[in-house]
Amino acid sequence: KDLLKGLSDKSMTDAIEKRIVAVGRIDSNKNHEMLIRAFLKIADDIPECSLEILGDGDLRQQLIKLVGELTVGAEGRQDAANRISLPGVCKNVADRIANADIFVLCSNTEGVPNTLLEAMALGIPAISTDCPCGGPKDIIRDGENGFLVPVGDVDTLADCIYRLANDDKLMTHVSQNELKTAEKFREDVVVDEWLEMITGVCTK
């Protein structure tokens, strides 16, 4: 009970130097289980990292229980469990993730994910599944302004998180390119593109 309460309510300690975050409704399509399993694969190798999944949904309590099942009784896993947080709904998402180090989106399917664009606009190095209908792939150039991993591939996601977490130069490189990408999705830019398209159609 203490472990489950901690996963729901606790704030990360000052000892954590790097934060991995995810944002979204906690349901089967968002596949946060993939992220939890990937984090636990490398948690012992990146003790300076924490994982925080912001949002609520039908599977939140199930995921909290899963963390307990995967870590209770396993040597060294109590520490890993203590670095995973599922605090529920957060009204100030941008403020909450602003100082995060890695953003992860693990969805099985997505259009153009707003949370991914918002994280990139904040310069948070992002990892996303290369999911249909292909929205993330339209935004991310793999290895340049983020990373794409196969849907459901826990091992590849774990490797990608580990690589980013241990390479500050790579994180900076990705962050800088993300900020350039985000410029293309500014409201005024998108509105101008729509107006140009509509004007072109009307002219014809």
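**Terms put to the test**

Guide: The protein chain has 10 helices and 6 strands. Keep in mind that this is a predicted model.

Visitor: What makes the strands an open sheet, and in which order do they lie?

Guide: The open sheet has 6 strands in the order β3-β2-β1-β4-β5-β6, and the pairing is parallel. Its edge strands are β3 (84-88) and β6 (147-149), each of which pairs on one side only. From one strand to the next, the twist averages 20 degrees.

Visitor: How do you know that β5 and β6 pair?

Guide: Two strands pair if there are at least two bridges between them. Strand β5 (residues 126-129) and β6 have 3 bridges, in the parallel sense. The cut-off is at least two bridges, so β5 and β6 count as a pair. In one of the bridges, T129 has V149 in β6 as its partner.

Visitor: Why is helix α2 called largely enclosed?

Guide: A residue is buried when its relative accessible area is under 20%. In helix α2 (residues 32-42), 8 of the 11 residues are buried, so the helix is largely enclosed by the rest of the structure. The buried residues are H32, M34, L35, I36, A38, F39, L40 and I42. For the protein chain, 48% of the 204 residues count as buried.

Visitor: What makes a space a cavity, and how many are there by this rule?

Guide: In a cavity, a 1.4 Å probe fits but cannot get out. Counting those of 30 Å³ or more gives 1 cavity. The largest cavity has a volume of about 60 Å³, so it passes the cut-off of 30 Å³ or more.

Visitor: Which residues line the largest cavity?

Guide: The lining consists of A22, V23, K30, H32, F103, V104, L105, C106, S107, E110 and T115. The largest share, 3 residues, comes from β4. H32 is in the lining and is also one of the buried residues of α2.

Visitor: How do the lining residues divide into nonpolar, polar and charged?

Guide: There are 6 nonpolar, 3 polar and 2 charged residues in the lining of the largest cavity. Lys and Glu count as charged, and the lining includes K30 and E110.

Visitor: What share of the contacts join residues at least 24 apart?

Guide: The share is 72%, taken among contacts in the protein chain between residues at least 6 apart in sequence. A contact here means heavy atoms within 4.5 Å.

How values were computed: Residues are numbered from 1 along each chain as its sequence is written. This is a predicted model: local features need pLDDT of at least 70, side-chain atom pairs count only at pLDDT 80 or more; totals for chains, interfaces and linings use all residues. Side-chain values use heavy atoms; hydrogens and water are left out. On a 1 Å grid over the protein atoms alone, a cavity is a set of points where a 1.4 Å probe fits but cannot get out, and a pocket is an open set with protein on both sides within 12 Å along at least five of seven lines; lining residues have an atom within 4 Å of a point. Grid points are joined across faces, edges and corners, and a volume is the space filled by probe spheres set on the points. Helices (H or I, at least four residues) and strands (E, at least two) are DSSP runs, numbered from the N terminus. Axes are lines fitted to C-alpha atoms, for helices over the stretch in contact, and angles run from 0 to 180 degrees between N-to-C directions. Buried means under 20% relative accessible area, exposed over 50%, partly exposed in between (1.4 Å probe, protein chains only).
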